[in-house]
Amino acid sequence: MQKSYNNYSRVLMFLMLCVVVRSQLTADFYARSCPNLLNIVRKEVKNAIKNEMRMAASLLRLHFHDCFVNGCDASVLLDGSDGEKFALPNLNSARGYEVIDTIKNAVETSCSGVVSCADILTLAARDSVLLSGGPSWKVVLGRRDGLVGNQTGANSALPSPFESLDNIISKFAAVGLNVTDVVALSGGHTIGLSRCALFSNRLSNFSGTGAPDSTLNTSLIPELQTACPATGDGNNTVPLDNRSRDLFDNRYFVNLVNGRGILQSDQILVSSDSAQSTTRSIAQLYSANATVFFCDFVNSMIKMGNISPLTGSDGQIRKNCRVVNS
């Protein structure tokens, strides 16, 4: 009888621990300490997008690049030559830092020392999607800010536009995300721009073939070659979805099915040999059904936003998102 009671007690304690872990992030985390938080963030993101439509994609990408390295701890925002900002995937590429600064300042004016930069970045990503015509979702909050950046981790963990599908799937799996998450989150490329340097290798002599990438729709090649001349510096930009560049929809997947993906890492979701048994059917489904894409995208964003958050007494609430508190 005593043994049975002890076993019951252990199970009960385990369940209580699980509840504590799951409840550390909650949608109403700041309901009392910063009740106007959601309105403040939404207002500032709206102003930023009104000023530059591209900023919606930039804020979404910044959240992605944060969560894949050290978890969602705003380490990507830290200044310093040894930080994540200077990692190859972010250097001269990641942007939106000034917008996060503006949001943080507005939040600090309302409730000083309460809201983390990590939570601000997570909310800004959600609002960027919503304000671009995409879905919305409840963001659980309570993340705290990391104390160190991880440039080495950013260089190794973030997917590259030039990587194979198998490598990309492996990098997602390393942070607890599956094949559906790979495709759904790639759908964030329905908004935003890409520099020519990230895809111009596809436009001629691709992989030493002497010809453009055979998976690239031939009707798109002259347009991209004009936008990205061989004599250029690679910094010109083109829309990742040239059919609806600023609208968050499923046209990105329609493009992939038609060979109109701009980045190699996008087109391989449909056209690579590995895609046949992994991502192709999902991308095809999303191309035909925006509702399913939106639903899966929301679920994947929630999962990504929950990657290794710092909670409780871990980390800190930075006063300035660019530097650790002194």
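Modeller: Leaving aside neighbours within four places in sequence, serine 128 is in contact with Val45, Ile49, Ala56 and Leu59. Serine 128 itself is found in helix α5, residues 117–131. Bear in mind that this is a predicted model.

Colleague: What makes serine 128 count as buried?

Modeller: Buried means under 20% relative accessible area. Serine 128 has 0% relative accessibility, so serine 128 counts as buried.

Colleague: Why does serine 207 count as exposed?

Modeller: The cut-off for exposed is over 50%. Serine 207 is at 64% relative accessibility, and therefore counts as exposed. Serine 207 is found in the loop between β1 and α9 (221–227).

Colleague: What is there to say about phi of serine 207?

Modeller: Phi of serine 207 is near 50 degrees, a positive value in a residue other than glycine. Serine 308 also has a positive phi, of about 45 degrees, and is not a glycine. Serine 308 is placed in the segment after α13. As background, most residues other than glycine have a negative phi.

Colleague: How do you know that the span of α3 agrees with what it should be?

Modeller: The expected span of a helix is 1.5 Å times one less than its number of residues. For the 13 residues of α3 that gives 18 Å, and the end C-alpha atoms are 18 Å apart, so the two values agree.

Colleague: Which residues touch the most other members of the largest nonpolar core?

Modeller: They are Leu37, Leu77, Ile100, Ile103, Val107, Phe297 and Met304, in a core of 72 residues. A second, separate core of 12 residues includes Cys196, Leu203, Leu220 and Leu263.

Colleague: What makes such a set a nonpolar core?

Modeller: The members must be buried, be of the listed types, such as Leu, Ile, Val, Phe and Met, and be joined through side-chain atoms within 4.5 Å. In soluble globular proteins, nonpolar side chains tend to be buried together. As for Met304, it touches His63, Phe64, Cys67, Phe68, Cys72, Leu177 and Leu185, not counting residues up to four places away in sequence.

Colleague: Which element gives the largest share of the lining of the largest pocket?

Modeller: That is α3, with six residues. The largest pocket has a volume of about 940 Å³ and is lined by 43 residues, of which Arg61, His65, Pro161, His189 and Leu263 lie nearest its centre. The lining divides into 24 nonpolar, 14 polar and five charged residues.

Colleague: How much space lies in the second largest pocket?

Modeller: About 180 Å³. Its lining has 13 residues, and Ser200, Leu203, Cys228, Pro229 and Ala230 are the closest to its centre.

Colleague: What makes a space a cavity or a pocket?

Modeller: In a cavity a 1.4 Å probe fits but cannot get out, whereas a pocket is an open set. The structure holds two cavities of 30 Å³ or more. About 70 Å³ of space lies in the largest cavity, and its lining includes His63, Trp137, Arg143 and Met301. The largest share of that lining, three residues, comes from α13.

Colleague: Which residues line the second largest cavity?

Modeller: Met53, Arg54, Ala56, Ala57, Ser132, Ile191, Gly192, Arg245 and Asp246 line it, and about 40 Å³ of space lies inside. That lining divides into four nonpolar, two polar and three charged residues.

Colleague: Where does arginine 322 lie, and what does arginine 322 touch?

Modeller: Arginine 322 lies in the segment after α13. Contact means heavy atoms within 4.5 Å. Not counting residues up to four places away in sequence, arginine 322 touches Leu77, Leu78, Asp79, Lys85, Tyr97, Glu98 and Asp101. The C-alpha atoms of arginine 322 and arginine 280 are separated by 40 Å, with the two residues 42 residues apart along the chain.

Methods: Residues numbered from 1 in each chain as written. Predicted model: local features only at pLDDT ≥ 70, side-chain atom pairs only at ≥ 80, totals over all residues. Heavy atoms only, no water. Buried < 20%, exposed > 50% of the residue type's maximum accessible area, 1.4 Å probe, protein only. 1 Å grid on protein atoms, 1.4 Å probe; cavity = no way out; pocket = protein on both sides within 12 Å on 5 of 7 lines; lining within 4 Å. Points joined across faces, edges and corners; volume = space filled by probe spheres on them. Helix = DSSP H or I, 4+ residues; strand = E, 2+ residues; numbered from the N terminus. Nonpolar A, V, L, I, M, F, W, Y, C, P; charged D, E, K, R; others polar.
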